[in-house]
Amino acid sequence: AVASSPPRWEIGLYAAGALALLGIAAINLWKLWRSGSYPAPSPFPNYDYRYLEQKYGAACPDIRNKRGLAPGSQRAPGRSSSSRKSSLRAEDTLESIQELGSLELMGRDLGLAHYGPLRKSISADSLNSISSIGNNFGQDFTVGQVEVCMEYDARAAALHVTLLQGKDLLEKEDARFESCFMRISLLPAEQIVGISRIQRSSYSVAFDERFSVPLDPAALEENSLRFSVFGVDEDERSVSTGVAELKLSDLELATRPFNAWLYLQDSNKAVDTVGEILLSLSYLPTAERLTVVVVKAKNLVWSNGKVTADPFVKVYLLQDGRKISKKKTAVKRGDTNPVFNEAMIFSVPAIVLQ
């Protein structure tokens, strides 16, 4: 038998195939590097730290330093299990929280002990599951947002309300309105607290207007504030397009000011109330962890004529209208007043918290 070498064309074919495989591997490694998940994973699974650096800049070194900290990394030397703290503080690290058994402590600090032990919720499998919300989450019934600040002056017995800014105050596809303004009313008497200046742009508005109304301390438990946006059409007629209401008893204005963005509900697409839910929000800056505690719900109303149903709560983390992650509670069988008492923990960089 005579052993013959393979033809040159066959060797060239093998070489070309090997080069193609190496090229594909190199491209994939480059994509991994660009995505921020190589060589070490991002500390925030749903965020690309390079994107954060490009958009926000300043806090990037913080994020880059955290990349090497794996979830199971060793604690710093000198930390002893005997040095347990009695409550959560802003300077606590992620390791100290894990050491303490954070859910038990959080339940104690939030006054949830009588609801039973606080549990950790489960993560939902897919952001695009059939049971998931659509991409236009919350947009069917909202017509923009307004940022407000409220504080109560006990000495003068007066409530001070500041309209800071607004965005997307009118439906974008509705071209009938050339301008808009806001009106603040005190309920249930429908007393007008203030009316803003007319704004020509409804998409990005800087109000910076302050109004005051005399109010006894006892009235903080009984009254509500209604924020209404009105569109002005070409005939200079004012049409109510969106409202938001706040119960003053929920805001603890007697002890601290209140500042928040309010979602304005489309007054033409009012939604019937189907129950209430009690939530608690907290953020640990050192670990950059956002914790949502779903405590309980009450007075749930089954839809579509159902006699009974099995409620659960699903929480979505959104950034710029895009779903970042979601978690859900356990299912409560046939309970119209379910107690969940579950904590949902999200990794959220401080620079994108707002």
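**View 1. D168, a partly exposed residue with a positive phi.** At 30% relative accessibility, D168 counts as partly exposed (that label covers the range between buried, under 20% relative accessible area, and exposed, over 50%, with a 1.4 Å probe and protein chains only). D168 isn't a glycine, yet its phi is positive, about 50 degrees. You'll find D168 in the loop between β4 and β5; strands here are DSSP E runs of at least two residues, helices are H or I runs of at least four, and both are numbered from the N terminus. Keep in mind that this is a predicted model, where local features need pLDDT of at least 70 and side-chain atom pairs count only at pLDDT 80 or more, while totals for chains, interfaces and linings use all residues. Residues are numbered from 1 along each chain as its sequence is written, and side-chain values use heavy atoms, with hydrogens and water left out.

**View 2. E288, a buried residue with a positive phi.** E288 is another non-glycine with a positive phi of about 50 degrees. E288 sits in the loop between β11 and β12 (289-298). With a relative accessible area of 7%, E288 is buried.

**View 3. The cis peptide bond at P188.** L187 and P188 are joined by a cis peptide bond, with omega at about 10 degrees. P188 belongs to the loop between β5 and β6 (191-195).

**View 4. The largest nonpolar core, around L225.** This core has 35 residues, and L225 is one of those with the most contacts inside it, including also M150, L159 and F227. A nonpolar core is a set of buried Ala, Val, Leu, Ile, Met, Phe, Trp, Tyr and Cys residues joined through side-chain atoms within 4.5 Å. Leaving aside neighbours within four places in sequence, L225 touches residues including V161, I184, V193 and L246 (a contact means heavy atoms within 4.5 Å).

**View 5. The open sheet β1-β15-β12-β11.** These 4 strands form an open sheet with mixed pairing. β1 (119-120) and β11 (276-284) stand at the edges with a single partner strand each, so one side of each has no neighbour in the sheet. β1 runs parallel to β15 (residues 339-347), joined by 2 bridges; strands pair if DSSP finds at least two bridges between them. K120 has A343 in β15 as its bridge partner.

View 6. Where pLDDT is low, the predicted coordinates should not be read in detail.
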